[in-house]
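Please open the structure in your viewer and keep the selection panel at hand. The stops below go from one selection to the next.

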Amino acid sequence: IDFNYSFPDGARVIIRVFDLSGRFITSLVDRHYENSGTVTRKESTSAWDGRDHLGQILSPGTYLINIEAFNVKTGTTHFDTAPIVIGARR
């Protein structure tokens with residue numbers, strides 16, 4: 001999947017995938033960044049292969065990607081959620 005995210009200095013970024021009922025599927029990112037920046041992930045270089053945290057291939061359908069950025073310096077947390085669709089390969 002293609003996605004990008006930005007974060008402030010001293011942020012911990014966690015990106016998780018959930019199904020539409022809110023059940024946890026997998027984590028894509030859990031990283032602390034000393035300096036602010038933007039990360040761009042492209043399908044050709046993305047580490048996610050459409051599997052859950054147990055290694056099972058997900059069924060085609062709509063899922064939710066949740067991005068959480070916690071600023072260690074200020075104690076604030078920012079959230080964003082977007083739908084992602086997994087299709088079947090022909």
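Two strands are said to pair if DSSP finds at least two bridges between them, and strands themselves (E, at least two residues), like helices (H or I, at least four), are DSSP runs numbered from the N terminus. Before selecting anything, note that this is a predicted model, in which local features need pLDDT of at least 70 and side-chain atom pairs count only at pLDDT 80 or more, while totals for chains, interfaces and linings use all residues. Residues are numbered from 1 along each chain as its sequence is written, and side-chain values use heavy atoms, with hydrogens and water left out.

Begin by selecting strand E2, residues 11–19, together with E3, residues 24–33. These two strands pair in the antiparallel sense over eight bridges, and Ile-15 has Val-29 in E3 as its bridge partner. Follow the hairpin that E2 and E3 form to the four residues between them, where Gly-22 in the turn has a positive phi of about 95°.

How many of the nine residues of E2 are buried? Seven of them are, where buried means under 20% relative accessible area, exposed means over 50% and partly exposed lies in between (1.4 Å probe, protein chains only).

Now centre the view on Ile-15 and show its contacts (heavy atoms within 4.5 Å): not counting residues up to four places away in sequence, Ile-15 touches, among others, Phe-3, Tyr-5, Leu-28 and Ile-67. Ile-15 is also one of the residues with the most contacts inside the largest nonpolar core, which has 20 residues. Such a core is a set of buried Ala, Val, Leu, Ile, Met, Phe, Trp, Tyr and Cys residues joined through side-chain atoms within 4.5 Å.

Finish with the aromatic rings, of which the whole structure holds four pairs. Rings of Phe, Tyr and Trp (its six-membered ring) pair if their centres lie within 6.5 Å, and planes under 30 degrees apart count as stacked, over 60 as edge-to-face and the rest as tilted. Select Phe-7 and Tyr-33, a stacked pair at 3.9 Å centre to centre with 20° between the planes. Phe-7 counts as buried because its relative accessibility is 9%. Ring pairs also link Tyr-5 with Phe-7 and Tyr-33 into a cluster.
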